[in-house]
Protein chains: 2
Amino acid sequence: MQTLHVELGERSYPIYIGQGLLSRPEILSRHIAGRQVAIITNETVAPLYLEVLQQSLGGYSVACVVLPDGESFKNWETLQLIFDGLLTARHDRRTTVVALGGGVIGDMAGFAAACYQRGVDFIQVPTTLLSQVDSSVGGKTGINHPLGKNMVGAFYQPKAVLIDTASLNTLPVRELSAGLAEVIKYGLICDEPFLGWLEQNMSALRALEQGALTEAIERSCAAKARVVGADERESGIRATLNLGHTFGHAIETEQGYGVWLHGEAVAAGTVMALEMSHRLGWLSADERDRGVRLLHAAGLPIVPPQDMTPEQFLEHMAVDKKVLDGQLRLVLLKRLGEAVVTADYPREILDATLRTDYAALAHSINA
Amino acid sequence: MQTLHVELGERSYPIYIGQGLLSRPEILSRHIAGRQVAIITNETVAPLYLEVLQQSLGGYSVACVVLPDGESFKNWETLQLIFDGLLTARHDRRTTVVALGGGVIGDMAGFAAACYQRGVDFIQVPTTLLSQVDSSVGGKTGINHPLGKNMVGAFYQPKAVLIDTASLNTLPVRELSAGLAEVIKYGLICDEPFLGWLEQNMSALRALEQGALTEAIERSCAAKARVVGADERESGIRATLNLGHTFGHAIETEQGYGVWLHGEAVAAGTVMALEMSHRLGWLSADERDRGVRLLHAAGLPIVPPQDMTPEQFLEHMAVDKKVLDGQLRLVLLKRLGEAVVTADYPREILDATLRTDYAALAHSINA
């Protein structure tokens, strides 16, 4: 088992990474203060891992809330089911909420923990690659609003993150690829050598080789922990973690939550960020293509929905959380391995980026 | 103008108290960082004070959200109207939410500010006595759940509290009394000499004499600021501020939110806490009666709903936020001016307290 740490003063916490951690009760119990535990999971994950987790929590009074699966349920109505479950089971302020599932479960269970009785402990047990390398670390929690993704939420750190790499064995291929979008992101924004490693190991990752997966997860979590430790509330560098997300959120919102997986939308959005960075003269065509090729090799979409107009993109992007005083800030690449957040770009470059023929770009790199 | 301070390190903030502060733009603008301001108010307060506040905010881009009035609207559906308003007006992370109204508006606007884009600035402008002396100070925000009051919320401190004592001139008599319940509370839990002052000045307060009101507000806010500064997240002494609230919340929940005003339920709940403290041998009958008389003199109900059974009380009290590991902790008085939070009482004393004939008690003190 590997242990990383997110350093946030009195809110610091460990990330445990290893095979079979779900059935090691002594790890979880270190981080449970009271006698009550509420496991929040969904209909897909429950049949796979709920029983083994419940067994690991044998000494506690455990309540389970099983939610419907999918981004389209990341809303208030579903969140309310968590509060209903906690209140019906009479869970008090010392309860610990355990999120067992992917990013949607982690975001919702974390937000419920942040709000229930004005805040109770919680632990992340992410079971998808995307949540293991990204959303479970860093304390961003929340739900979607019909007018914008993750518009309602809280910064609320978990007491621990427990990553059982064995849970990836049951992950659908499409979701594995979605997780790889965030893994590739770390290479693009802050770790250029990692891009080379990923090019070498992409087949191993997609074949679920445990060694490669563990290394990719560790390297991703270490990058995330570093950035979050330096900027918990996203007043600066943390925003670079949103490479491809502003374009991607527009895709998700326009298509309807859950039609594109979050990681898929981020991948297409990252292609747009690569293109815009190229148009600004910061990336060469080769560097742009290298990024696009890696996303394609991960099995990800590299062409945004062709029926989406520039106006639709701009409309959704105008409510992005990175908008400040009317200025739309974008995460772009100064070079491979170095991201910036900037509102200082010519408007016509953004327009040209939105009008680019991405199908032709994909074709030109033989994707 | 008087200025008090809530000392919470980097989350410290001032409380301004004075007549006519709503029309002094320089006070508000000290605490507004961006260019956008969202005023959250309700249908009752808007016709009275919205225009003057908007004038004071002439230099900003101002959005207004006017909510229905009353505790029964302190729920998710109404909260959603705030998010809708903020998103429709494209307010970004640098917006400042201003709560203009009573406790319900302050709690909801504060919770919306805590959650909107994971947290934006907010300012409390309380217009009722209850919110001026209690709910606007200390950062407790939230909404009700059908199964319990204030069960969903956040600890989220304002950037400033601006108390315009002139706003009390339009306050309905019943709401003035409700506010006095919380004023009397400070005397009972931590300031015995204040009880004497209140006995002397109750008529002046109910006649809205500005000097008396200002002194009562200052003394109450100073007590609240002291307690909150010592225990922001209610791990100890802050819970004493909930004298009468556990019994009171049971009354509010059972009767349906808004039937009894919060302060009215707290008054009847405080009578029950006085009675229980007497039964435990901590207060003499005279001391208990002194507290009950003062509540009565403030125009408050001192008899709980006579159709509520002990079982109904216990059912609602079991989900109180002060329950820990199944133990119901109560705020009781060791003596007038000294409160304790304890789960260490004989169960039969609680049962006897719930079965007490409060109508007879009221009669015995000629109330």
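## Domain and chain contacts in a predicted model

In this predicted model, chain A falls into two parts, domain 1 (2–170) and domain 2 (173–364). The centres of domain 1 of chain A and domain 2 of chain A, taken over C-alpha atoms, are 26 Å apart. Where these two domains meet, domain 1 of chain A supplies 32 residues and domain 2 of chain A supplies 30 residues.

On the side of domain 1 of chain A that touches domain 2 of chain A, the elements giving two or more residues are the strands β1 (2–6), β2 (13–18) and β8 (148–155) of chain A, together with the helix α5 (129–135) of chain A. Of these, α5(A) gives the most, with five residues.

The second contact joins the chains themselves, with 31 residues from chain B and 31 residues from chain A taking part. The side of chain B that touches chain A draws two or more residues from each of α3 (76–88), α4 (103–115), β7 (140–145), β8 (148–155) and β10 (323–324) of chain B. Here β8(B) contributes the largest share, six residues.

The make-up of the two sides described above is set out below.

Definitions and conventions. Residues numbered from 1 in each chain as written. Chains lettered and ligands numbered in written order. Predicted model: local features only at pLDDT ≥ 70, side-chain atom pairs only at ≥ 80, totals over all residues. Domains from an automatic or database assignment. Contact = placed C-beta atoms within 7 Å. Helix = DSSP H or I, 4+ residues; strand = E, 2+ residues; numbered from the N terminus.
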